[in-house]
Amino acid sequence: MSALVFAQQPVSFAERLRDAAATAFIALLLGVPMIGLTTVDQGGALRIATRWPALFAFVGVCFAGRLLLRWGIDYWRAQRQSAARAASAASAEQQPATSLLLRRAGWLALLVALVLPIVFADNRYVVDTATTVLIYVMLGWGLNVVVGLAGLLDLGYVAFYAVGAYTYGLLATQFGWGFWQALPVAGAMAATFGIVLGWPTLRLRGDYLAIVTLGFGEIIRVILVNWTEMSGGPNGITSIPRPSFFGLPFKPPGDEPTFASFFGLEYSPHQRIIFLYYLILALALLTNLFVSRLRKLPIGRAWEAMREDEIACKAMGINARNVKLSAFALGAMLGGFAGVFFAARQGFISPESFTFNESAIILAIVVLGGMGSQLGVVLASLVLVLLPELGRDFAEYRMLLFGAAMILIMIWKPGGILARREPTLAYRSAEAGR
Amino acid sequence: MMLRLSGVHAHYGAIHALHGVDLEVQVGEIVTLIGANGAGKSTLMMTLCGQPRASAGRIVFDGEDITRLATHDIARRGISLVPEGRRIFPRMSVLENLQMGAVLADKANFAVDLERMYTLFPILHERCEQRAGTLSGGEQQMLAIARGLMSRPQLLLLDEPSLGLAPLYIKKIFQTIRELNREHGMTILLVEQNAHHALRVADRSYVLQHGRIVLSGSGRELLANPEVHAAYLSGGHA
């Protein structure tokens with residue numbers, strides 16, 4: 001039957017009917033015990049009751065559904081074939097056109113991101129959700145260095161996010177450090193942890209590396225839970241100060257100058273939400289700029305070559321140890337920055353926020369986006385963060401929806417949403433290059 | 001003397017792969033190493049590159065003992081390996097592959113070296129923006145050789161460059177090897193299963209058997225040697 005589904009030739013209507021009838025028959029066989037018969041509690045005794053109308057409705061739905069599904073698949077295949085034929089004719093011009101399109105999409109996304117809080121200035125929910133998306137975009141771009149470029153499968157990325165968040169939390173609550181002072185320190189701290197993880201795993205690859213990084217992520221979380229004197233244990237760290245606008249706090253008017261009073265605005269709690277949004281947008285854009293710049297430098301190319309073939313890399317004279325450690329350290333540093341922002345935004349952190357689930361989502365963003373693709377990470381973050389949000393009405397089914405979306409992406413786009421890789425270097429002949 | 005191996009042993013875990021190999025390469029020579037599957041040819045090549053390190057014996061390159069050096073440090077001394085199975089970077093473009101080959105080289109030479117490679121292998125010029133993984137096997141081998149040359153090495157190590165290639169490409173690859181040596185003075189150590197081609201191109205040759213050098217001599221001598229003929233040449237090679 002499944003062979004029939006993918007038949008290349010046009011199929012007759014009778015054949016379609018026969019196929020659907022076969023499906024309906026199977027539905028009937030399965031449906032008799034599962035739908036047709038049911039037990040009813042009658043005065044303490046179980047009695048078998050029949051539900052034939054429901055069964056026939058089910059069989060009918062299966063019949064119609066199968067008919068439609070097959071027609072849909074055939075139609076889609078025919079469309080795709082003719083599209084492929086048209087594309088192969090024009091494939092020479094296609095490639096630059098796609099990259100131009102992608103670049104335009106990137107600029108458009110940036111524009112949308114810039115005006116979003118202005119359009120939704122009084123809708124806290126939208127700006128908050130967009131901020132969450134941007135945190136994941138930034139985390140995705142950071143992990144992209146490790147997984148997408150250097151090809152080191154890291155399942156414990158959330159550890160660096162946690163290190164950044166706790167470093168800021170502790171510096172701010174214990175020593176009164178501000179956001180901007182703590183940011184570089186937390187980044188350096190996370191990078192150090194990146195090297196701590198990277199050093200013993202230098203010789204590991206693929207699934208073995210994945211297991212060790214998974215363990216590392218858990219170790220950090222377990223330490224945070226148990227080392228109560230340092231981290232507050234399961235209670236976490238509370239009342240972490242929010243970032244200020246160059247020293248101007250977002251507070252109701254009081255004795256000292258605040259953001260609102262300095263600019264002569266009326267105080268509104270939205271101002272802080274919008275400021276946080278622009279802050280993470282700026283951090284994410286800096287990350288993007290930084291990573292895309294690195295990709296074009298020798299170190300970025302060495303990361304990619306290392307992902308492709310480690311032995312060949314060494315034979316080219318590349319020090320594999322330094323290349324791997326730099327990828328771990330830089331990826332961790334970016335995760336640490338995101339963690340600082342997270343702590344500052346929430347005002348409260350606890351080990352709850354840094355479970356394996358987070359690592360899995362960040363990794364899913366990188367993989368679904370297309371390993372190494374910057375715009376792909378944005379699209380995947382949108383899908384993976386917004387889908388559960390939109391799915392709130394589905395209550396307990398939302399994870400099902402989430403899973404189904406991931407499976408569909410993997411079926412249609414096995415290499416990720418944007419699997420195309422832009423070369424970092426264009427050829428100019430020696431004459432033109434000189 | 002450019003390269004001298006004396007009494008080199010190598011182990012893969014418990015497997016003793018090389019049993020005291022002595023081998024020499026002089027400046028400007030093509031030296032080939034032939035032998036059957038599993039004789040230790042590729043192990044010898046990799047041991048030269050420090051992976052695995054020699055468990056006993058000495059490897060001296062250009063007067064310096066490189067036995068204990070890390071792979072990338074050996075490459076920095078001017079030894080360039082074109083590995084078995086090509087090992088190009090498949091998802092990177094042809095141009096980026098060549099650029100990776102030039103990591104150690106002076107940046108100022110890049111444009112000139114690139115043109116040199118394009119002259120040597122015009123097909124690479126045609127395909128320069130293409131993903132390297134989409135090239136045919138023969139083209140990938142040319143890319144691997146070109147990548148190895150981009151660092152301007154003093155010694156080029158070629159590990160089974162004819163492996164799995166069509167006869168036409170094999171011919172072209174050996175032509176190139178000869179050209180590199182005769183016209184550009186490149187010193188080459190070549191490991192090959194294709195003994196016929198390897199011996200014809202060689203100044204001197206070694207035969208490796210079960211991790212030991214059992215015969216050596218000029219390419220012509222070994223071609224005429226009845227034992228070599230029986231063992232390595234009568235298998236249907238033209």
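Which strands of chain B does helix 1 (residues 41–48) of chain B lie across, and at about what angle does helix 1 run to strand 2 of chain B? Helix 1 of chain B lies across strand 1, strand 2 and strand 4 (56–61) of chain B, and its direction makes about 70 degrees with strand 2 of chain B. This is a predicted model, in which local features need pLDDT of at least 70 and side-chain atom pairs count only at pLDDT 80 or more, whereas totals for chains, interfaces and linings use all residues. Residues are numbered from 1 along each chain as its sequence is written, while chains are lettered from A and ligands numbered from 1 in the order in which they are written.

**Domains of chain A**

- The domain assignment of chain A, whose bounds come from an automatic or database assignment, gives domain 1 (2–81) and domain 2 (112–412).
- The C-alpha centres of domain 1 of chain A and domain 2 of chain A lie 46 Å apart.

**Helix packing in chain A**

- Helices (H or I, at least four residues) and strands (E, at least two) are DSSP runs, numbered from the N terminus; axes are lines fitted to C-alpha atoms, for helices over the stretch in contact, and angles run from 0 to 180 degrees between N-to-C directions.
- Helix 5 (residues 124–149) of chain A packs against helix 11 (residues 270–296) of chain A at an angle of about 20 degrees, with the axes 9 Å apart, and that makes helix 5 of chain A roughly parallel to helix 11 of chain A (angles under 35 degrees count as roughly parallel, over 145 as roughly antiparallel, 65 to 115 as roughly perpendicular and the rest as oblique).
- The contact of helix 5 of chain A with helix 11 of chain A has 18 nonpolar, 6 polar and 3 charged residues, where Ala, Val, Leu, Ile, Met, Phe, Trp, Tyr, Cys and Pro count as nonpolar, Asp, Glu, Lys and Arg as charged, and the others, Gly among them, as polar.
- Helix 5 of chain A passes helix 11 of chain A in a left-handed crossing (the near helix is turned anticlockwise from the far one by less than a right angle, and clockwise in a right-handed crossing).
- The axes of helix 5 of chain A and helix 15 (residues 356–369) of chain A come within 9 Å and cross at roughly 70 degrees, and these two helices of chain A are therefore roughly perpendicular to each other.
- On the side of helix 5 of chain A, the residues making this contact include A:Y136, A:L139 and A:L143, and on the side of helix 15 of chain A they include A:I362, A:I365 and A:V366; by class, the contact has 8 nonpolar, 4 polar and no charged residues.
- Helix 6 (residues 158–175) of chain A and helix 7 (residues 179–198) of chain A pack at about 140 degrees with axes 9 Å apart, and are therefore oblique to each other, in a right-handed crossing.
- The contact of helix 6 of chain A with helix 7 of chain A has 12 nonpolar, 4 polar and no charged residues.

**Sheets of chain B**

- An open sheet of 4 strands in chain B has the order 2-1-4-5 with antiparallel pairing, two strands being paired if DSSP finds at least two bridges between them.
- Strand 2 (15–25) and strand 5 (64–65) of chain B stand at the edges, each with a single partner strand, so one side of each is left without a neighbour in the sheet.
- Strand 1 (residues 3–12) of chain B is joined to strand 2 of chain B by 7 bridges, and the two run antiparallel; B:H11 stands opposite B:H16 in strand 2, and B:R4 has B:E24 as its bridge partner there.
- The hairpin of strand 1 and strand 2 of chain B has 2 residues between the strands, and in this hairpin B:G13 takes a positive phi near 60 degrees.
- A second topic is the open sheet of 6 strands in chain B, with the order 6-7-8-3-9-10 and mixed pairing; its edge strands are strand 6 (79–82) and strand 10 (212–218) of chain B.
- Strand 9 (residues 204–209) of chain B runs antiparallel to strand 10 of chain B, to which 6 bridges join it, and B:L208 has B:I213 as its bridge partner in strand 10.
- Helix 7 (residues 167–184) of chain B lies across strand 3 (30–35), strand 7 and strand 8 (187–192) of chain B, running at about 160 degrees to strand 8.

**Contact between the chains**

- In contact with 22 residues of chain A are 27 residues of chain B (C-beta atoms, placed from the backbone, lie within 7 Å).
- Helix 3 of chain B gives the most to the side of chain B that touches chain A, with 5 residues, and the residues of that side divide into 15 nonpolar, 6 polar and 6 charged.

Terms used. Two residues are in contact if their C-beta atoms, placed from the backbone, lie within 7 Å.
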